[in-house]
Amino acid sequence: LLGAQTGDWTYFGLQDRASGKEDATYGIARLKRDVLGNSNVGLLFGDKGFNGQHNRVIGADFSLRPGRVYFLNGQVAASRSPGFNARNLAYLVDFTRRTDRSQVGFSFTRLEPNFETNETGFLRKERFRGSQQTRLELTYSPRPRALNLRQVFLTGWVDADQPLSTD
């Protein structure tokens, strides 16, 4: 296990060998760099080798905070296992504008059918099935001067989910 922070860089690494039901070697590495004051970008690599097979995931992510009101997060990852090298991406984009009185958020997430981390991580996803989700969320949060209320939050959202399966 290796983990450290040096200046704007944070890194982490782990490798372990497990025996039991299957003989497997696990490895994970994470590299993150702070940028632009309140933002960061990062890379992730995960690997599992077992019974002559492997499952690997590589990804990149970012979290941008260009001020006190706007937030933009994103992730993209690809998995690779023998025979599954197409339709194997996952990505997420999340944008939020947040003030004291209101919040607007939009997110889009897509897990392609052959994106597979169940060999190396924890992702609730049926094998060979993917999903796509779009979400819009609105919050209004006034500060009424009645009934000793400090702040009231009224939230509404719309979700659109779509399953994706292999052809």
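Biologist: Which strands each supply at least two residues of the nonpolar patch?
Modeller: β8 and β9 (129-140) do. Strands here are DSSP E runs of at least two residues, numbered from the N terminus. This is a predicted model: local features need pLDDT of at least 70, side-chain atom pairs count only at pLDDT 80 or more, and totals for chains, interfaces and linings use all residues. Residues are numbered from 1 along each chain as its sequence is written, and side-chain values use heavy atoms, without hydrogens or water.

Biologist: Which residues make the nonpolar surface patch?
Modeller: Y70, F95, V104, F106, L136, L138 and V158, over about 600 Å².

Biologist: And Y70, where does Y70 lie?
Modeller: In strand β6. Y70 is partly exposed, at 39% relative accessible area. Partly exposed sits between buried (under 20%) and exposed (over 50%), using a 1.4 Å probe and protein chains only.

Biologist: What does β6 pair with?
Modeller: β6 (residues 70-80) runs antiparallel to β7 (residues 89-98), with 9 bridges. Pairing takes at least two DSSP bridges. G74 stands opposite V93 in β7.

Biologist: How many residues sit between β7 and β8?
Modeller: 3, and the two strands form a hairpin. T96 has G105 in β8 as its bridge partner.

Biologist: New topic. Is D61 buried or exposed?
Modeller: Buried, with a relative accessible area of 17%. D61 lies in strand β5 (residues 53-64).

Biologist: What does the D61 side chain make a polar contact with?
Modeller: The side chain of R30, at 2.7 Å. A polar contact is an N or O pair within 3.5 Å; within protein, one atom must be able to donate a hydrogen and the other to accept it, and residues adjacent in sequence count only if both atoms are side-chain atoms.

Methods. Helices (H or I, at least four residues) and strands (E, at least two) are DSSP runs, numbered from the N terminus. Patches are made of residues with over 30% relative accessible area and no salt bridge: like charges are joined within 9 Å, nonpolar side chains (Val, Leu, Ile, Met, Phe, Trp, Tyr) within 5 Å. Accessible areas come from the Shrake-Rupley method with a 1.4 Å probe; for residues, only the protein chains shown count as cover. A salt bridge is a side-chain nitrogen of Lys or Arg within 4 Å of a carboxyl oxygen of Asp or Glu.
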